[in-house]
Amino acid sequence: MSQLANQIAVVTGAGRGIGRAVALKFAAEGADVVCVSRTAENSEKVAGEIRALGRKAWAHAVDVSDAAGVAAAGEKILAECGRVDILVNNAGVTRDGLLMRMSDADWDTVLDTNLKGAFLFTKAFARAFIKQRSGRIINIASVIGLIGNAGQTNYSASKAGLIGFTKATAKELASRGVTVNALAPGFIETDMTAALKDDMKAELLKHIPLGTLGQPEDIANAALFLAAPSARYITGQVLTVDGGMVMS
Amino acid sequence: MSEKSIEERVKHIIVEQLGVKPEQISPEAKFIEDLGADSLDTVELVMALEEEFGKEIPDAEAEKLQSVGDVIRYVEGSAK
């Protein structure tokens with residue numbers, strides 16, 4: 001099982017949750033992985049887990065919304081890895097609250113990390129992808145970007161924006177053999193959803209036909225599908241992985 | 001062996017990048033209108049020029065490079 005043999009992947013938000021699962025899955029499939037996370041401690045930890053799988057790993061502590069920091073990290077990553085084949089824009093945060101009470105700061109934090117972060121990282125590697133006439137970009141959006149959610153105007157806007165960004169980038173880079181797709185996870189058991197109250201979880205489960213929350217591995221498997229060579233003819237798509245919650 | 005002139009090097013890159021014939025290249029030839037380039041081709045052309053001449057071309061300057069002559073003049077000017 002090495003669908004990604006000798007490929008090099010960059011995963012943002014790799015320190016925990018979905019990003020960590022994606023990084024480990026890619027490594028298990030033969031990829032070397034650059035783990036990007038806001039804190040060095042988290043990215044180092046996951047990089048260590050990847051090395052234990054016998055793959056190369058690099059750890060970078062980067063705030064994905066910091067343009068200069070991302071540009072510098074991108075150059076450093078390309079210099080030390082030689083090339084990059086797959087980029088997973090996964091870094092994301094929530095700052096929930098009702099619209100009427102939402103502070104500008106909470107709006108900006110979420111949009112800057114979830115949307116601008118993906119733009120900056122994509123820009124950092126687009127040149128390399130164009131030049132090598134190949135590349136896979138996978139943006140981790142959310143079902144909330146498709147259906148909205150009360151108390152998450154900022155998060156919904158960022159994820160809907162990420163879907164638009166995915167489609168436009170897919171069109172721009174298609175002629176150079178670069179594919180760009182989005183995953184829209186439903187409710188996945190991570191630190192992010194652990195913050196939800198039990199009654200809210202029970203309410204959510206009523207709307208999930210498969211009757212259970214998803215696991216980070218469920219998203220990692222879908223990311224692997226989009227990253228693998230066999231998905232070469234898929235671009236500009238949004239794949240929903242949500243136990244059937246949103247059916248379009 | 002004599003060094004290639006800047007003009008020859010520029011023309012060589014354009015032939016390579018845009019897949020056009022050397023005889024199609026005149027100083028007046030515009031990349032998009034005359035040489036069939038799309039906007040991404042022009043970005044790649046600038047990337048190739050940056051590599052060949054080991055020098056970054058700022059976006060504001062890159063936008064002005066629309067013809068073969070524009071590029072030759074720019075590179076010759078910045079080489080001085």
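Guide: A definition to begin with: two strands pair if DSSP finds at least two bridges between them. Helices (H or I, at least four residues) and strands (E, at least two) are DSSP runs, numbered from the N terminus. With that, strand β2 (residues 32-37) of chain A pairs with β3(A) in the parallel sense, over 5 bridges.

Visitor: Which residue is the bridge partner of Ser37(A) in β3(A)?
Guide: Ala61(A) is the partner there. Before we go on, a caution about the model: it is predicted, so local features need pLDDT of at least 70, side-chain atom pairs count only at pLDDT 80 or more, and totals for chains, interfaces and linings use all residues. As for labels, residues are numbered from 1 along each chain as its sequence is written, while chains are lettered from A and ligands numbered from 1 in the order in which they are written.

Visitor: Got it. What is the strand order in the sheet of chain A?
Guide: The order is β3-β2-β1-β4-β5-β6-β7 (chain A), an open sheet of 7 strands with parallel pairing. β3 (57-61) and β7 (238-241) of chain A are the edge strands, each pairing on one side only. On average, neighbouring strands of this sheet are turned by 15 degrees against each other, direction ignored. Axes here are lines fitted to C-alpha atoms, for helices over the stretch in contact, and angles run from 0 to 180 degrees between N-to-C directions.

Visitor: And β4(A), how many bridges does it make with β1(A)?
Guide: β1(A) and β4(A) pair in the parallel sense over 3 bridges, and Ala9(A) has Ile86(A) as its bridge partner in β4(A). β4(A) also pairs with β5(A), again in the parallel sense, over 4 bridges. There, Leu87(A) stands opposite Ile137(A) in β5(A).

Visitor: Are the β4(A) residues buried or exposed?
Guide: Buried, all of them: Ile86(A) and Val88(A) point one way from strand β4 (residues 86-89) of chain A, and Leu87(A) and Asn89(A) the other way. A residue is buried if 20 or more other C-beta atoms lie within 10 Å of its own, exposed if 12 or fewer, and partly exposed in between, with C-beta atoms placed from the backbone. In a regular strand the side chains alternate between the two faces of the sheet.

Visitor: Switching to helices. What does α2(A) lie across?
Guide: Helix α2 (residues 40-52) of chain A lies across β2 and β3 of chain A, running at about 175 degrees to β3(A). α2(A) has 13 residues and reaches 18 Å from its first C-alpha to its last, close to the 18 Å expected at 1.5 Å a residue. The expected span is 1.5 Å times one less than the number of residues.

Visitor: Which residues of α2(A) are buried?
Guide: Asn42(A), Ser43(A), Val46(A), Ala47(A) and Ile50(A). They cover an arc of only 130 degrees around the axis, which puts them on the same side of α2(A); the arc is that of the directions from the helix axis to the C-beta atoms. On the other side of α2(A), Glu41(A), Gly48(A) and Ala52(A) are exposed.

Visitor: What covers the buried ones on α2(A)?
Guide: The cover includes α1 (17-28), β2 and β3 of chain A. After α2(A) comes Gly54(A), with a positive phi near 90 degrees.

Visitor: Where does a non-glycine have a positive phi?
Guide: Asn6(A) is one of them, at about 60 degrees, in the segment before β1 (8-12) of chain A. Arg133(A) also has a positive phi of about 60 degrees, and sits in the loop between α4 (104-132) and β5 (135-140) of chain A.

Visitor: Why does Arg133(A) count as exposed?
Guide: Because Arg133(A) has 10 C-beta neighbours inside 10 Å.

Visitor: Zooming out, how many helices does chain A have?
Guide: Chain A has 9 helices, plus 7 strands. Its radius of gyration is 17 Å, close to the 18 Å that the globule rule gives for 248 residues, so chain A is as compact as a globular protein of that length. The radius is taken over C-alpha atoms, and the rule is 2.2 Å times the number of residues to the power 0.38. Buried residues make up 48% of the 248 in chain A.

Visitor: And chain B, what is its secondary structure?
Guide: Chain B has 4 helices and 0 strands. Of its 80 residues, 16% count as buried.

Conventions: Contact = placed C-beta atoms within 7 Å.
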